[in-house]
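Subject: A structure for you to explore

Hi,

Here is the structure I promised you.

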Amino acid sequence: MAELIFNTCLSFLALALSIFMLLSELPSPANAASVQYNVVSLGAKADGKTDSSKAFLSAWASACKSTSAATVYVPQGQFFVQSASFNGPCKNSAITVRIDGTLVAPSDYNVNGKVGNWILFRDVTGLSVLGGTLDGQGTGLWACKSSGKSCPGGATNLEISNSQNILVSGLSSLNSQMFHIVINACQNVKMQGVKVSASGTSPNTDGIHVGASTGVTILNSKIGTGDDCVSIGPGSNNLWIENIACGPGHGISIGSLGKEQQEDGVQNVTINTATFTGTQNGVRIKSWARPSNSYARNILFQHAIMNNVQNPIIIDQNYCPDNSGCPNQASGVRVSDVTYQDIHGTSATEVAVKFDCSSTHPCTGIKMQDVKLTYRNQVATASCAHAGGTASGTEQPSSCL
């Protein structure tokens, strides 16, 4: 009897092993169904001069119409592309745009300067943008703006709007006319290994801007530009930002908030492990000095290193550029439950910590834990206005809360 049971078990084991080996040799459903559209096969020229916009749009149209997973492939080389919108909804939720080459924008800033976006993905569910470089050729527009002449506003290198389940990995953005990468009204976005590069004097060239979006993760990215490395606008919540190298630039900013009287706020944001080098700010919360129902709450800044940063820790609720539309008013934005934890390094100014909060809606629930910032090898100072909270652990400079 025992021998019969043993032989039966052996038979079942052999059958199971045979089935496993058979299944392992089959392609996965995604690989079996995936189809690729090469932009060169559709007419694109990798010479950096020939307008390849139609080939890119054609490849997208085919991928979007596919009922199975699809890939738009951009091989090595430089591809001149005009302003292009890649629109959904699509018939599948697994489109990959794999870029081994460089997309080059028109050098004449008047071509794209008024369109708002150079490369736009809109209304897409399930998109992966992998690798490649976007060269926005923005230096001409920067020069125009610095000269004081009348210039167009400029185009964002890449915007992803009204989309969900998005991955951007290994992408480089170079010399954008305006913002480099914008995530607008999206859900479930992961960005990793992104590199942003522009002059420290380039105007309004935010590295990554997140607005009106939920569930955004930004990891392992290096950003050097002329404005905020990362900026977080109204209506954004549940953000995780980790391992960011920032500089040059204006730091990582929540805001500006409160420009509009009726405006969504920002909440549940973690910035974990960031290095700031020679930046204007480190970690910043910024709001307009005028009435608003907006807010910033449940914010955690932790494990940050400051290297010669002008304003390592700052809350500025008296933002009023050019003293236009807001002088002599108080911000209505409510800032609460903000934690600064394990922040070390050097300040380029004597005031390393500045909380300039609203006189009508003071900051509440600020927590300082193990903060050590110095100025020229001396003790730095802290400045507080209308700010309430607690400090614990290392306190350098001494807390003003």
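Let me begin with the largest nonpolar core, which has 87 residues. A nonpolar core here is a set of buried Ala, Val, Leu, Ile, Met, Phe, Trp, Tyr and Cys residues joined through side-chain atoms within 4.5 Å. Buried means under 20% relative accessible area, exposed over 50% and partly exposed in between, with a 1.4 Å probe and protein chains only. The residues with the most contacts inside this core are F121, I254, F301, I313, Y340 and F355.

Before going further, please note that this is a predicted model: local features need pLDDT of at least 70, side-chain atom pairs count only at pLDDT 80 or more, and totals for chains, interfaces and linings use all residues. Residues are numbered from 1 along each chain as its sequence is written, and side-chain values use heavy atoms, with hydrogens and water left out.

Now the overall picture. The protein chain has 401 residues, and 47% of them count as buried. Its C-alpha trace spans about 80 × 70 × 40 Å along the principal axes. You will find five helices and 31 strands in the chain; these are DSSP runs numbered from the N terminus (helices: H or I, at least four residues; strands: E, at least two). A contact means heavy atoms within 4.5 Å. Among contacts between residues at least 6 apart in sequence, 75% join residues at least 24 apart.

Leaving aside neighbours within four places in sequence, F121 is in contact with residues including W60, F86, V97, L127 and I160.

On a 1 Å grid over the protein atoms alone, a cavity is a set of points where a 1.4 Å probe fits but cannot get out; a pocket is an open set with protein on both sides within 12 Å along at least five of seven lines, and lining residues have an atom within 4 Å of a point. Grid points are joined across faces, edges and corners, and a volume is the space filled by probe spheres set on the points.

How many cavities of 30 Å³ or more does the structure hold? There are two. The largest cavity has a volume of about 130 Å³. F121 turns up again here: of the 14 lining residues, F86, V97, I99, L103 and F121 lie nearest the centre. By class, this lining has 14 nonpolar, no polar and no charged residues. (Ala, Val, Leu, Ile, Met, Phe, Trp, Tyr, Cys and Pro count as nonpolar, Asp, Glu, Lys and Arg as charged, and the others, Gly among them, as polar.)

The second largest cavity holds about 90 Å³ of space. Of its 17 lining residues, V353, M368, P397, S398 and S399 are the closest to the centre. β31 gives the most to this lining, with five residues.

The largest pocket contains about 620 Å³ of space. It is lined by 25 residues, and F179, D206, H209, G255 and S256 are the closest to its centre. Its lining has eight nonpolar, ten polar and seven charged residues.

Finally, look at helix α5 (residues 139-147), whose buried residues are L141, W142 and C144. These lie on the same side of α5 because they cover an arc of only 160° around the axis, taking the directions from the helix axis to the C-beta atoms. Just after α5, G148 takes a positive phi of about 85°.

Happy exploring!
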